[in-house]
Amino acid sequence: MNAQAKSLVQIRDLYKRFSISGDFLDQLKFRGGKLVREQQHVHAINGVNLDVQRGEALCVVGESGCGKSTIARTVMGLLKPSAGSISYGGERIDHLSDRQILPYRRKMQMIFQNPYASLNPRMTIAQTLEEPVRFHNPKASATEVRDKVHEVMQSVGIDPSWGKRFSHEFSGGQRQRISIARALAVDPEFIVADEPISALDVSIQAQVLNLMMDAQESRNLTYLFITHDLSVVEHFGTRVAVMYLGSLCELAPTKALFATPRHPYSQALLSAIPRLEDGRPAHIRLQGEVSTPVNLPSGCVFHGRCPHANERCSREIPTLIATSEGGQVACHAVQEGRF
Amino acid sequence: MALLEVNNLEVRFGLRSGEVTALRDINFSLERGERLGVVGESGAGKSVLGFSILNLLSKPGYIAGGEILFEGQNLAAMSPKQLRSIRGNRISMIFQDPMMTLNPVLTIGQQMVECLLAHRRISRTDARRIAVQKLKQVQIPSPETRIDQYPHELSGGMRQRIVIAIGLLMDPDIIIADEPTTALDVTIQAEIMDLMLDLCERNSVALMLITHDLGIVSQMTRQAMVMYAGRIIEQGPTKEIINDAQHPYTQGLMNALPQMALPGQRLNQIRGSMPPLQNIPTGCAFNPRCDYVMDACRHELPGFTRSGGCRVACHMVAQMKLEEEAAARALEVN
């Protein structure tokens with residue numbers, strides 16, 4: 001019960017498939033003189049279980065195509081899961097209608113990767129920020145709305161007198177602050193951030209990360225932070241979930257993961273970070289390429305590139321087991337103590 | 001004589017709203033087999049620099065002054081025909097996005113053979129043989145079949161390796177790589193970097209690596225220069241710049257990296273952002289963002305000061321050096 005109360009968002013056995021076969025007529029094919037219907041799917045997420053605890057910053061890392069953004073969008077309800085459930089504060093939210101989900105939308109907000117695409121170019125900043133406040137508080141007076149917008153603009157370091165400007169008049173870093181302000185405008189408790197700093201320069205990244213950490217402290221926020229940049233994770237995350245091809249490889253407290261990564265993929269990923277060190281990088285070389293999520297490998301999704309894979313890995317899908325460092329890892333080799 | 005020597009290069013863009021200077025006072029040289037990193041944030045002019053070396057600037061950009069000496073010949077003053085014999089042949093370039101660089105309607109082989117036939121008088125069969133051999137060098141599995149595939153049939157990392165193979169086709173003296181791994185995942189990035197290091201070392205090719213990632217520069221290069229608003233502000237051995245940066249901007253850039261802060265603590269940020277080229281502040285371009293700004297910074301363009309093996313364009317560093325020298329002289333007198 002205690003664990004239930006602590007976790008804000010629960011993801012249970014989540015699956016998400018996307019059809020890539022086009023519409024009905026495109027799916028019809030002639031095979032051996034017969035008309036058959038064929039469908040191909042991208043298996044973006046395959047049976048992920050994840051809890052986001054209240055007050056933490058849970059980082060999801062992985063390479064492109066591993067399904068990390070799909071998780072973010074499914075949690076927000078922007079995509080419907082193919083199977084499995086998502087609960088918020090103990091209530092299931094994945095099957096709610098648009099009207100029923102409204103109260104949750106107010107508590108959950110999202111920050112997108114590209115601040116050039118996520119702000120409406122035809123709206124002034126004030127309009128952009130007022131809209132969510134009005135929408136979620138229809139009874140609020142004009143002064144209340146304006147005060148709220150002022151407050152969030154100030155809290156992200158944007159001068160409230162710039163409200164009449166359009167988004168193209170701002171730099172990338174300022175735009176990302178405005179997106180953060182828009183998310184904060186309805187006083188959410190949970191924020192999903194999908195690569196919020198990947199499009200920004202190093203010196204601007206630091207500004208935005210600082211802002212997000214300040215907001216977390218002052219507003220008691222919970223983050224689900226999606227990124228491919230591991231050095232950011234080391235700094236920002238409470239816990240880290242490493243994903244590969246739609247499956248969770250390892251889930252561990254940040255310190256434990258960076259000190260002793262257990263899963264072979266986590267180890268390779270960590271060793272590939274370009275560090276400020278002299279000499280040649282000593283990274284772990286992975287064989288082969290990432291397989292496609294269209295034809296998933298049998299067994300462990302990583303076995304084709306894993307240096308420790310054996311016959312069992314190609315047959316049986318590993319389940320998450322608890323490690324001594326307080327994390328969880330899905331690997332037969334770790335379980336059997338083979339390395 | 002250095003392999004490549006750039007003297008007082010100035011690049012401008014003639015815009016409708018007026019002339020804009022994108023690069024000024026660029027001076028550096030590149031020796032055979034040397035690896036030079038060019039670091040800066042977006043808008044610093046690092047990509048423009050890469051383009052202007054091969055005179056690939058498209059209108060409205062043009063080289064307004066200075067010279068680019070490649071083995072003593074000035075590339076900035078060459079005719080298009082002369083330039084064509086150097087581009088891709090003696091100096092080749094690798095761009096950020098391999099999907100944009102490769103022609104989607106030609107097979108890998110067609111693109112490689114085309115390049116070889118343009119520069120060398122050899123038969124088609126020989127050209128194909130060389131192409132397969134280069135693909136082998138960049139560790140493409142089963143190159144004989146891959147060579148007849150189209151770019152869309154390959155993964156991102158494989159495509160970038162093909163681009164590198166094309167870059168190496170003519171055994172160039174210099175490779176200019178403009179953010180070669182920015183579009184790739186970290187594990188693939190590490191592989192590509194390894195490969196490039198290896199190839200450059202083995203064939204003693206000079207590498208000019210343009211990137212925003214200080215980690216990559218520290219691992220890949222021996223010399224580095226940091227750019228800000230169209231100027232070089234610090235240049236010297238990479239080790240010195242990474243371990244003991246002198247310019248406040250370089251220091252700020254290093255300290256802003258999450259690796260440099262304790263987990264959970266605030267990062268050291270540089271306030272503000274890079275100025276647009278149309279309105280670069282007078283004096284030192286960095287002065288509105290600098291924590292150590294002095295009066296001179298606002299009016300006077302800083303010249304270069306020697307500091308260890310580096311050259312730094314900063315009034316504060318210059319003043320500190322003067323004071324150090326004065327103190328040393330005072331000691332000697334006593």
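The structure is a predicted model, in which local features are considered only at pLDDT of at least 70.

The interface between the two chains is considered first. In chain B, 48 residues are in contact with 34 residues of chain A. The size of an interface is often given as the accessible area lost when the parts come together. For chain B and chain A this buried area is about 3,700 Å², and carbon and sulfur atoms contribute 51% of it. One salt bridge is found across this interface. The salt bridge pairs Arg266(B) with Asp214(A), and the closest N and O atoms of the two residues are 2.4 Å apart. Twelve residue pairs in polar contact, with both residues at pLDDT 80 or more, are also found between chain B and chain A. Several helices of chain B take part: H7 (156-168), H8, H9 (214-220), H10 (238-243) and H11 (248-255) each supply at least two residues of the side that touches chain A. The greatest contribution to this side comes from H8(B), with ten residues. Sorted by class, the side of chain B that touches chain A comprises 19 nonpolar, 17 polar and twelve charged residues.

Within chain B, the domain assignment gives domain 1 (4-228) and domain 2 (237-333). The centres of these two domains of chain B, taken over C-alpha atoms, are separated by 30 Å. Contact between the domains involves 20 residues of domain 1 of chain B and 19 residues of domain 2 of chain B. The area buried between domain 1 and domain 2 of chain B is about 1,600 Å², with 69% given by carbon and sulfur atoms. On the side of domain 1 of chain B, the residues that lose the most area to domain 2 are Leu214(B), Val226(B) and Tyr228(B), which together account for 42% of what that side buries. The count of salt bridges between the two domains of chain B is zero, while five residue pairs are in polar contact, both residues of each pair being at pLDDT 80 or more. Strand E2, helix H9 and strand E9 (223-228) of chain B each supply at least two residues of the side of domain 1 that touches domain 2. The residues of that side of domain 1 of chain B divide into ten nonpolar, seven polar and three charged.

Attention now turns to the backbone of chain B. Most residues other than glycine have a negative phi, and most peptide bonds are trans. Asp25(B), although not a glycine, has a positive phi of about 50°. This residue, Asp25(B), lies in strand E2 (residues 18-30) of chain B. Asp25(B) has a relative accessible area of 35% and is therefore partly exposed, since this class lies between the limits of 20% and 50%. A positive phi, near 40°, also occurs at Ser204(B), again a residue other than glycine. Ser204(B) is placed in the loop between helix H8 (186-203) and strand E8 (206-211) of chain B, and its relative accessibility of 38% makes Ser204(B) partly exposed. A cis peptide bond, with omega of about 5°, joins Lys59(B) and Pro60(B). Pro60(B) is located in the loop between helix H1 (46-53) and strand E4 (61-70) of chain B.

A further residue of chain B, Lys81(B), is found in helix H2 (residues 80-84). Lys81(B) counts as exposed because its relative accessibility is 66%, and the limit for this class is over 50%. Lys81(B) and Arg35(B) are 46 residues apart in sequence, and their C-alpha atoms are 28 Å apart in space.

In chain A, helix H3 (residues 68-75) is mostly covered, with six of its eight residues buried. The buried residues of H3(A) are Lys68(A), Thr70(A), Ile71(A), Ala72(A), Thr74(A) and Val75(A). Just after H3(A), a positive phi of about 80° is taken by Gly77(A). Elsewhere in chain A, Thr323(A) is found in the loop between strand E13 (321-322) and strand E14 (328-329). Thr323(A) is buried because its relative accessible area is 15%, and buried means under 20%. When neighbours within four places in sequence are left aside, Thr323(A) is in contact with Arg262(A), Gln328(A) and Val329(A).

Terms used
Residues numbered from 1 in each chain as written. Chains lettered and ligands numbered in written order. Predicted model: local features only at pLDDT ≥ 70, side-chain atom pairs only at ≥ 80, totals over all residues. Heavy atoms only, no water. Helix = DSSP H or I, 4+ residues; strand = E, 2+ residues; numbered from the N terminus. Buried < 20%, exposed > 50% of the residue type's maximum accessible area, 1.4 Å probe, protein only. Contact = heavy atoms within 4.5 Å. Buried area = accessible area lost by both parts, 1.4 Å probe. Salt bridge = Lys/Arg side-chain N within 4 Å of Asp/Glu carboxyl O. Polar contact = N/O pair within 3.5 Å; in protein donor to acceptor, adjacent residues only side chain to side chain. Nonpolar A, V, L, I, M, F, W, Y, C, P; charged D, E, K, R; others polar. Domains from an automatic or database assignment.
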